[in-house]
Amino acid sequence: MSQYRIVVVVGSLRRDSFNRQLANALVKLGPPDFSFQQVRIDDLPLYNQDDDASQADAVKRLKGEIAAAQGLLFVTAEYNRSIPGVLKNAIDHASRPYGQNAWAGKPAGVLGASIGAAGTSMAQQHLRNVLTYLDVPTLAQPEAFIHVKEGLFDVNGALANTERKTFLQGWMNRYVDWVKKFAK
């Protein structure tokens, strides 16, 4: 495959989200044959099974973007020791109706950033459980729980901390290999 399209799902709606900043910085570490597209999840209605037969246009758009991708990248915040509701809502929409799971078989990477020392570890574990059920092969190692401290990002949003940048480049290299292993 000459070009790999990766859907990036940021599990935070906050404009200045550390996880959006991390996603933006991380994709710059990808190789030239990988393109990354952040998908919009803030316009999805709350999931209601009654709507499965006539999904909203925003849901159809999300499912189409996922279907066109060769891989998934989840960069999520942690809310109350789990994944944000907006992320779970997007996951539920794109996995429904039964038998039309857009996520299935797409190789994924999961990471997140937080000002807390545990750096989204619980959210990532919950997300991995959900992705396993949805038949999403998810990169297991290295895990990436990014502790946000001053100096992580420069004024342009790039990774400024050399140690973190080196770690995340290694993570990206493993993720690229993972996607190439599974991508169709």
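Biologist: What makes the radius of gyration of the protein chain agree with that of a compact globule?

Modeller: The radius of gyration is taken over C-alpha atoms, and the globule rule is 2.2 Å times the number of residues to the power 0.38. For 184 residues a compact globule would have a value near 16 Å, and the protein chain has 16 Å, so the two agree. This is a predicted model, in which local features need pLDDT of at least 70 and side-chain atom pairs count only at pLDDT 80 or more, while totals for chains, interfaces and linings use all residues. Residues are numbered from 1 along each chain as its sequence is written, and side-chain values use heavy atoms, with hydrogens and water left out.

Biologist: How many helices and strands does the protein chain have, and which pattern does the protein chain follow?

Modeller: Helices (H or I, at least four residues) and strands (E, at least two) are DSSP runs, numbered from the N terminus. There are 5 helices and 5 strands, and along the sequence they follow the pattern β-α-β-α-β-α-β-α-β-α.

Biologist: Why is the pair of Trp178 and Phe182 called tilted?

Modeller: Rings of Phe, Tyr and Trp (its six-membered ring) pair if their centres lie within 6.5 Å; planes under 30 degrees apart count as stacked, over 60 as edge-to-face and the rest as tilted. The structure holds 5 aromatic pairs. Phe74 and Trp103 form a tilted one, with 5.5 Å centre to centre and 45° between the planes. The rings of Trp178 and Phe182 have centres 4.7 Å apart and planes at 55°, so this pair is tilted. Both Trp178 and Phe182 lie in helix 5 (residues 162-182), 4 residues apart, about one turn of the helix.

Biologist: What makes Phe182 partly exposed, and what makes His93 buried?

Modeller: Buried means under 20% relative accessible area, exposed over 50%, and partly exposed in between (1.4 Å probe, protein chains only). Phe182 has a relative accessible area of 29% and is therefore partly exposed. His93, at 5%, is therefore buried. Of the 184 residues of the protein chain, 46% count as buried.

Biologist: Where does His93 lie, and with which residues is His93 in contact, leaving aside its neighbours within four places in sequence?

Modeller: His93 lies in helix 3. Contact means heavy atoms within 4.5 Å. With neighbours within four places in sequence left aside, the contacts of His93 are Leu44, Pro45, Leu46, Tyr47, Gln55, Val59 and Lys63.

Biologist: How do you know that Ala123 is buried, and where is Ala123 found?

Modeller: The relative accessible area of Ala123 is 0%, so Ala123 counts as buried. Ala123 is found in helix 4 (residues 121-133). Ala123 and Ile83 are 40 residues apart in sequence and 4.7 Å apart in space, C-alpha to C-alpha. Apart from neighbours within four places in sequence, Ala123 is in contact with Thr76, Ala77, Glu78, Arg81, Ser82 and Ile83.

Biologist: Why does Thr120 count as buried, and what is phi of Thr120?

Modeller: Thr120 has 2% relative accessibility and therefore counts as buried. Thr120 lies in the loop between strand 4 and helix 4, and its phi is near 75°, a positive value in a residue other than glycine. Asp135 also has a positive phi, near 65°, and is placed in the loop between helix 4 and strand 5.

Biologist: Which residues does a cis peptide bond with omega about 0° join?

Modeller: That bond joins Gln141 and Pro142. The peptide bond from Arg96 to Pro97 is cis, with omega near -5°.
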